[in-house]
Amino acid sequence: MIGITAFGGYIPRLRLSRKSIVQHIGWLNPAIAGGAQGERSMCNFDEDSLTMAVAAALDCLVGQNKQGVDSLYLASTTLPFADRLNAGIVSTALNLRDDIVTADFGSTQRAGTTALIAGLQAIKSGDKKKVLVTASDKRETKAASPYEMWFGDGAASVLLSDENVIAEFKGSHTVSLDFVDHYRGSLKQYDYNWEERWIRDEGYAKIVPQAIRGLMAKLEITMADVDKLIFPCFIKREHAGIAKALGATPEKVVDNMHEVCGETGVAHPLAMLVSTLEAAKPGERIIVAGYGQGCEALYFQVTDAIQDLPPRAGIRGSLASKETTDNYMKFLKWRNLLLTEAGIRGEAPTQHPLTAMWRQRKQLLGLVGGKCRKCGTPQFPKTDICVNPECRTAHTQDDYEFATVPATVKTFTGDNLAASVNPPNIYGMVQFQGGGRLVADFTDCKLADVKVGMPVKMSFRIHAEDKERGFTGYFWRAVPIV
Amino acid sequence: MATGIRDKVVILGMGCTKFGERWDTGPEQLMVEAFEEALKDAGVERKQIQAAWFGSAMDEVNVGKSAVPLSMGVRLPEIPVTRVENFCATGTEAFRGACYAVAAGVYDITLALGCEKLKDTGYGGLPGTNTGATRTAQWLPATSAPGTFAQLASAYAAKYKVPMEDLKRAMAQVSVKSHANGSINPKAHLRKKVSIEEVMAAPLIAYPLGLFDCCGVSDGSACAIVTTPEIAKAMGKKDLVSVKSLQIAVSNGAEVGYNNWDGDHFVTTAKASKRAYEEAGVRNPREEISMMEVHDCFSITELVTMEDLYISDRGGAVKDILEGFYNADGKVPCQIDGGLKCFGHPIGASGLRMLYEMYLQLQGRAGQRQLPNPRHGLTHNLGGMPYQNVCSISIVGRYGD
């Protein structure tokens with residue numbers, strides 16, 4: 001039996017009220033009011049597709065032996081590097097082994113399901129034992145675009161294997177069609193979209209059923225053999241219409257999460273799948289389809305093993321843990337749609353030394369420190385000589401991962417002087433349980449909520465962006481648990 | 001067997017510019033201003049100076065690297081000149097170099113000069129020092145000086161269970177006292193008295209530090225000429241001000257990397273002050289130190305430093321400060337010249353500026369600020385951040401005392 005053995009999800013904590021978008025810029029394009037239900041997820045200023053992918057993957061790996069992972073597939077159309085393997089950054093952040101396959105999947109909205117099928121094929125062939133698939137998207141839109149209303153940011157992750165399968169893979173079917181409802185030129189930041197009515201009638205309404213009917217015919221099943229039907233379509237009414245045409249009763253149709261999140265691009269079919277698995281009972285049969293230049297559909301059946309999976313935040317947990325804002329200006333600023341004054345202080349050089357970053361890759365991307373073999377002191381960073389004043393022994397440190405070690409706030413401040421697009425810049429010293437400490441940025445919090453002694457967890461975030469040279473540097477930040 | 005610096009070196013003369021926003025004055029002119037005063041005060045000629053130490057910290061915006069700016073600035077005759085830099089202890093390091101050279105018997109008369117021109121940056125506050133290609137820039141937060149020191153307050157309040165409002169009041173009194181002192185010092189940068197209420201109502205810079213909890217950023221220069229007691233006496237000098245102790249302590253990463261520091265004080269200051277008292281022969285600092293100039297870059301820095309200097313007990317600084325113990329008319333007057341807070345803080349000059357006030361006080365030349373019969377004067381610098389820093393402590397007094 002092959003299939004899914006674990007899953008995880010991540011939706012950024014911030015949600016932007018869609019009404020606030022209309023209130024601020026609806027005067028320019030009144031049509032956007034049509035999509036103004038609920039709220040959309042919104043990356044914090046220090047989040048992007050890569051950081052969300054890491055968060056979803058970490059969630060997926062809860063209780064799993066990550067040293068067994070022998071492939072990592074990352075799917076997205078909004079990765080920070082066009083020529084630098086983004087999956088390699090995720091792999092280093094997760095501190096996976098070096099001798100694994102890492103690959104980026106992109107260029108289409110169905111890259112998430114493509115990566116999923118590729119991973120299942122690698123397992124099926126017997127060549128790989130554990131494939132981690134993580135899909136993530138943070139799509140940029142121009143202000144007052146209807147897609148600004150429909151889109152959200154998010155990530156989802158599944159672990160595939162032939163052991164401890166919680167959802168058995170039964171088969172897939174793919175239709176490839178160069179149907180261009182939108183495109184993004186390789187050096188462009190924003191999508192170019194064709195008329196929605198055409199996208200709806202000739203795209204979703206024809207291509208999604210073609211793939212799903214093809215799958216059912218191939219596996220000789222009918223909609224009676226399907227308990228949950230998952231496919232993306234940001235136009236809510238059309239989403240229901242397609243399901244109805246396929247013969248799915250409303251309780252089988254998995255919600256497209258428009259009101260609570262918005263469509264998370266490449267991650268969306270997987271996010272809907274993860275959300276479904278979070279509430280799934282053994283025996284449930286699921287079709288999940290990804291759409292984009294065709295469509296591909298997969299069929300799964302949930303097993304008894306799902307009851308033994310340790311708890312995780314998942315998509316539902318992330319959706320529940322939120323802060324809703326009506327500060328559309330903040331959204332515009334963080335999406336680089338607003339030119340603001342940074343002052344001379346903001347002109348500090350931001351070039352990243354690639355030599356040093358290579359030497360310190362485990363430290364910077366993986367939050368790997370050292371633990372002294374002689375005195376047992378965990379410490380960050382790992383150095384040649386132990387930091388313990390009573391020890392100071394040389395060359396005794398083994399790698400020690402801090403990323404998932406619980407920690408507490410030791411000191412903190414909220415700094416109005418330090419350059420930040422989210423002032424005050426909150427930072428302080430974090431003390432890890434079992435030893436080790438770190439001066440770190442705090443994120444996803446308000447100054448008034450931070451107290452000495454409160455628990456924090458570490459989160460992989462953007463540390464600094466070199467916009468002039470196109471480089472994004474990453475590190476870990478502390479998220480206070482209020 | 002080493003015997004320390006006590007009474008091996010005396011100050012022959014000192015000079016100090018007015019600190020402040022010296023828009024019309026460049027660093028080379030600031031150096032000349034301090035140098036001329038020191039030369040006149042010492043009663044020596046330029047050619048008698050055999051070696052010099054130059055302190056400047058922020059070469060990114062300042063006079064540049066090397067000792068050349070000093071040698072050119074005051075036209076030293078091709079003698080040995082060395083530039084030193086050790087964060088905010090830079091000025092004191094220059095003084096230490098000059099003193100050690102005399103104490104070693106290598107030279108008879110040496111010079112220490114510190115200078116910083118900070119108001120050429122185009123913005124308030126200190127310039128950033130990260131060049132990008134440093135080891136820590138890839139992961140440390142984007143901090144500011146107030147932000148790093150402000151954390152002392154959150155940690156101190158948590159450790160001693162002091163309500164933040166009460167701690168803020170004691171911190172405010174630190175600034176109120178320095179403003180009162182600075183208001184009567186003609187060379188001070190800020191010369192206006194403030195009230196506790198004004199300090200506490202000021203805009204927040206880095207929680208919980210408000211504007212008046214932060215020292216000014218200034219241009220300035222200070223200078224010392226030192227020699228042996230024998231030479232000074234032979235020159236007919238009286239009331240010799242003698243160096244009793246020069247100590248430096250530097251963090252090794254234990255605060256930021258090990259587990260036993262609570263973030264509420266300075267490990268280095270506690271170590272350096274103990275060594276300084278031993279070197280100077282001070283047994284009970286609360287009784288024997290007559291006056292201090294400490295590194296009050298921020299009010300909370302001064303507050304916790306009172307404990308690291310063993311003048312106030314652990315957790316006792318709030319009470320001492322509010323009771324006026326460190327006021328000009330208190331038991332141990334602190335920042336009698338206005339401190340970094342009001343005299344100003346041109347980094348490379350600050351250590352020497354502190355010594356300048358101690359020197360004037362010990363010679364009875366401090367004018368309106370003169371304290372009655374001071375004995376031991378202590379100066380203290382703290383550079384870097386609470387979790388990773390350089391601390392310098394100097395003690396001066398009367399020769400033979």
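This is a predicted model: local features need pLDDT of at least 70, side-chain atom pairs count only at pLDDT 80 or more; totals for chains, interfaces and linings use all residues.
H4 of chain B spans residues 145-159 and H11 of chain B spans residues 299-308; their axes lie 8 Å apart and form an angle of about 55°. The two helices H4(B) and H11(B) are therefore oblique to each other. The crossing in which H4(B) passes H11(B) is left-handed.

Helix H2(A) covers residues 49-60 and helix H3(A) covers residues 86-93. From H2(A), the residues A:Leu50, A:Ala53, A:Val54 and A:Ala57 meet A:Asn86, A:Ile89, A:Val90 and A:Ala93 of H3(A). This contact of H2(A) with H3(A) has 7 nonpolar residues, 1 polar residue and no charged residues. H2(A) and H3(A) are therefore oblique to each other, and their crossing is right-handed.

The two pairs are set out below.

| Helix pair | Angle between axes | Distance between axes |
|---|---|---|
| H4(B) and H11(B) | about 55° | 8 Å |
| H2(A) and H3(A) | roughly 45° | within 10 Å |

The report now turns to chain A as a whole. Its secondary structure comprises 12 helices and 22 strands. Along the principal axes, the C-alpha atoms of chain A fill a box of roughly 70 × 55 × 40 Å. A compact globule of 482 residues would have a radius of gyration near 23 Å, and the value for chain A, 23 Å, agrees with this. Of the 482 residues in chain A, 50% count as buried. Among the contacts in chain A with a separation of 6 or more, 73% are between residues 24 or more positions apart.

Chain A also touches chain B. The contact draws 46 residues from chain A and 35 residues from chain B. On the side of chain A, the elements that give two or more residues are helix H11 (354-359) and the strands E18 (407-415), E19 (425-432), E20 (437-441) and E22 (471-480). Strand E18(A) supplies the largest share of that side, with 6 residues. The side of chain A that touches chain B is made up, by class, of 22 nonpolar, 19 polar and 5 charged residues.

Terms used. Residues are numbered from 1 along each chain as its sequence is written. Chains are lettered from A and ligands numbered from 1 in the order in which they are written. Axes are lines fitted to C-alpha atoms, for helices over the stretch in contact, and angles run from 0 to 180 degrees between N-to-C directions. Helices (H or I, at least four residues) and strands (E, at least two) are DSSP runs, numbered from the N terminus. Angles under 35 degrees count as roughly parallel, over 145 as roughly antiparallel, 65 to 115 as roughly perpendicular and the rest as oblique. A crossing is left-handed if the near helix is turned anticlockwise from the far one by less than a right angle, and right-handed if clockwise. The radius of gyration is taken over C-alpha atoms; the globule rule is 2.2 Å times the number of residues to the power 0.38. A residue is buried if 20 or more other C-beta atoms lie within 10 Å of its own, exposed if 12 or fewer, and partly exposed in between; C-beta atoms are placed from the backbone. Two residues are in contact if their C-beta atoms, placed from the backbone, lie within 7 Å. Ala, Val, Leu, Ile, Met, Phe, Trp, Tyr, Cys and Pro count as nonpolar, Asp, Glu, Lys and Arg as charged, and the others, Gly among them, as polar.
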